[in-house]
Amino acid sequence: MDYKQNITRCLVSLLGEHLSEQQINELLEIPRHPSYGDVAFPCFTLAKLLQKSPAAIAAELAENLHHPLFEKVEVKGAYVNFFLNKAAISKQIIETIMKQQHHYGDRPSGQGKTIILDFSSPNIAKSFSIGDLRSTVIGNAIANIDEKCGYRTIRINHLGDWEMNSWSRKGERGSKNSRMGTRKHISFGNDSAISR
């Protein structure tokens, strides 16, 4: 459910003569602090149009805004702050999920498009680290989101980070245990490897 759109429609019923639906929707904000509600509507633009105090406009709007999805509507200076009814919203979300099942959250924005994600790609010349795990988790999460948006997602895990400069320096130290004394560089297109 698009709660922002519901708020926009409520405001359009009161302000349709002065602002379009698109203008109202663009003015809506997400407050920085939860104490100011879930969505806020600033009245500065209306103040210029109506030649009235923005605080007075906000107070007048708050008195006339009623909807089952609103727990309460408060005025903070020039802002109308909307507090959403969490119980009603949760009920609607659960009903929607039960109805749509695994299609819940699908978006058509990526239909017919392909996206390539190169993630994880650990340095196989050293131990697997928590940083590699972090990249793997984040990359896979982004790929899942892209797939829900309709993209054909190609995941790439490049295992070509051999840290060759580090190996070369170790070989140049002349360690008795090192087998890097003689090295031959083998190229496979854009990839490369070390033959010892």
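This is a predicted model: local features need pLDDT of at least 70, side-chain atom pairs count only at pLDDT 80 or more; totals for chains, interfaces and linings use all residues.

Which residues in H4 are buried? I looked up Ile57, Ala58, Leu61 and Ala62, and they are the ones that are buried in H4. Buried here means under 20% relative accessible area, with exposed over 50% and partly exposed in between, using a 1.4 Å probe and protein chains only. Seen down the axis of H4, its buried residues fall within an arc of 130°, so they line one face of the helix. That arc is taken from the directions from the helix axis to the C-beta atoms.

Residues are numbered from 1 along each chain as its sequence is written, and side-chain values use heavy atoms, with hydrogens and water left out.

Next I checked what covers that face. The cover over the buried residues of H4 includes H1, E1, helix H3 (44–50), E2 and E3. The labels are DSSP runs numbered from the N terminus: helices are H or I with at least four residues, strands are E with at least two.

Then I turned to the sheet. It is an open one of three strands in the order E1-E3-E2, with antiparallel pairing. Strand E1 (39–42) and strand E2 (70–76) are at the edges with a single partner strand each, so one side of each has no neighbour in the sheet. On average, neighbouring strands here are turned by 20° against each other, direction ignored.

I went through the pairs, where pairing takes at least two DSSP bridges between two strands. E1 and strand E3 (residues 79–84) have four bridges, and Val39 sits opposite Phe82 in E3. Helix H1 (residues 3–15) packs on the sheet and touches E1, E2 and E3, its direction making about 135° with that of E3. Helix H4 (residues 54–63) also packs on the sheet, touching E1, E2 and E3, at about 165° to the direction of E2. Contact means heavy atoms within 4.5 Å. Axes are lines fitted to C-alpha atoms, for helices over the stretch in contact, and angles run from 0 to 180 degrees between N-to-C directions.

E2 and E3 pair over six bridges, with Phe70 opposite Leu84 in E3. Their hairpin has two residues between the strands, and Gly77 takes a positive phi near 65° there.
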